[in-house]
Amino acid sequence: MSEERLPPTAPEKSAPLLPADSGRDRPLFAVAAILVFLACLAALGARGAWTVSDGWIADLSGRMTVQIMPVDGRDAEADAAEAAALAEALPGVRRAVAGTRAEAEALLEPWLGGEGLPADLPVPLLVDIELAAADPASADDLTAALDAAGIPHRVDDHARWSEAVVRTARLARLMALGLLALIAGAAAAVIAFAARASLAARQSVVDALHLVGAQDGYIARLFERRFFVLGIRAGIAGAFFAFAIALLVTYGGPGQSEGFIPVWSFSLWDGAVLLLAPVLAGLIAALSARLAVANDLRARW
Amino acid sequence: MPSASPDTRPDDTFESVIRFDGVGMRYGRGPEVLQDITFDLPRGSFQFLTGPSGAGKTSLLKLIYLAQRPSRGLIWHFGRDSSKLHRRELPDIRRRIGMVFQDFRTLDHLSVFENVALPLRVAGRKRKEYADDVAELIHWVGLGDKMDAQPQTLSGGEQQRVAIARAVVGQPELLVADEPTGNVDPAMARRLLRLFTELNRLGTTVLIATHDITLVRSLDVPIMSLADGRLNTGRRKASA
């Protein structure tokens with residue numbers, strides 16, 4: 001039917017069946033936006049924890065250190081150089097660098113002072129070995145080669161450290177993901193509670209809709225749509241503030257890594273998380289509202 | 001005269017739009033507000049339901065439009081035993097019933113047009129399909145100039161007419177009206193009664209709950225009278 005055929009007094013657009021309730025919706029919007037903001041930070045934190053822990057594990061598992069033990073009558077620096085050469089000749093070793101006594105003294109300087117060590121004080125020298133990524137050499141291979149050459153040594157494959165770091169990294173990842181799940185759960189619970197309150201506040205509307213033959217699903221969809229939009233809007237607000245914080249940390253934080261302390265950098269993955277956050281917030285809100293309302297309506301007959 | 005035989009099986013009640021069989025109803029643990037109610041509303045009939053305040057009229061209407069379950073006894077809606085209806089089947093039954101409440105139950109945030117069109121919108125009909133019919137019906141009940149108005153800006157009588165228009169817009173098989181002329185002047189009451197009789201002539205079963213003796217006397221139709229939760233039946237001749 002064309003619009004000209006409509007009676008002149010018939011309104012052209014359908015009004016929304018659920019009346020707006022800004023008194024309830026505004027605080028809910030604020031709470032949802034804060035939850036999305038926290039969820040975004042948790043997701044970015046999880047991503048950061050993942051990246052950093054990967055780096056830690058790669059650093060530790062890709063290296064070994066050989067201590068050349070000072071023995072009377074032997075030239076430790078010559079032993080270190082020979083050990084480096086032997087190590088580099090092994091398959092699965094990318095690079096081996098022999099440390100000098102001066103470098104060993106520099107490492108001890110924070111504890112023993114900068115006035116130099118007595119020349120006769122035995123100081124173990126270090127050989128830093130970088131392993132190949134594929135099929136790396138084992139500590140046993142290296143020990144066997146050094147034993148065969150008669151070089152007094154101790155091989156440290158960082159196993160003690162790397163196990164602790166892997167455990168810590170896994171814990172950090174789990175904590176970040178757990179936090180994310182908790183916040184998502186809290187958001188769903190808040191939305192479900194709000195949807196029930198909204199349903200109770202609009203009881204007369206629901207009764208009238210039932211009276212004229214509305215299916216429960218039809219009524220639930222009305223609430224679902226309303227909370228989907230609310231979730232999207234809150235998601236946009238929360239993601240925007242999380243983005244602002246991420247930028248602040250990226251450009252306002254330390255420029256270089258301080259040992260194990262990671263340097264934050266905003267990645268494409270982070271951008272995708274922030275773009276997806278409003279959609280996920282909308283979907284969680286819609287699903288929570290639909291389930292809460294449908295559950296409430298089911299209990300009525 | 002409507003009557004019921006308790007041993008009638010549901011399949012045999014198909015010509016009854018509504019059948020009550022030994023129905024009792026109580027709220028919570030309170031006393032029974034309806035006791036041993038047994039009656040038929042034959043398809044195409046027109047009946048009045050009368051009784052003093054507190055007699056149980058509203059409770060009986062709630063059972064008819066499936067807002068309550070009986071405490072005992074059986075009710076058939078359009079040949080279906082309501083005790084066996086699944087929740088998802090209720091809307092289809094309700095769409096076959098047009099209900100007019102004494103307190104109107106219009107939605108204040110919607111215009112008169114939207115209120116009247118509500119059953120069609122909920123049924124999934126396209127707006128352009130029903131806009132003409134709804135507007136015509138609103139004109140017919142005398143509210144053509146108030147199509148965009150919201151119910152709270154209307155008088156009681158006007159709201160009553162909105163509620164009636166909403167109840168009949170879907171051409172229900174059964175129209176149930178609770179004091180439909182309680183808030184309108186005699187001329188409008190006669191006009192509304194003409195609407196009801198016209199709907200009835202077209203096949204709609206009509207049940208009107210009222211205190212209005214003038215209204216009851218205006219038609220020679222069966223009367224169900226409730227008193228203290230019990231039902232009496234009879235017939236009063238039209239006065240004119």
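Helices (H or I, at least four residues) and strands (E, at least two) here are DSSP runs, numbered from the N terminus. What you have loaded is a predicted model, where local features need pLDDT of at least 70, side-chain atom pairs count only at pLDDT 80 or more, and totals for chains, interfaces and linings use all residues. Residues are numbered from 1 along each chain as its sequence is written, chains are lettered from A and ligands numbered from 1 in the order written, and side-chain values use heavy atoms, leaving out hydrogens and water.

Start with a cartoon of chain A: eight helices and four strands. Follow the sequence and you'll pass α-β-α-β-α-β-α-β-α-α-α-α.

Now select the strands. They form an open antiparallel sheet in chain A, ordered β2-β3-β1-β4 (strands pair if DSSP finds at least two bridges between them). At the edges sit β2 (93-98) and β4 (153-156) of chain A, each pairing on one side only.

Next, zoom in on β1 (residues 63-68) and β3 (residues 125-131) of chain A, which run antiparallel and are joined by six bridges. Show A:Ile68 and you'll find A:Leu125 of β3(A) opposite.

Last stop: helix α4 (residues 139-149) of chain A, which lies across β1, β3 and β4 of chain A and runs at about 170° to β4(A).

Key
Contact means heavy atoms within 4.5 Å. Axes are lines fitted to C-alpha atoms, for helices over the stretch in contact, and angles run from 0 to 180 degrees between N-to-C directions.
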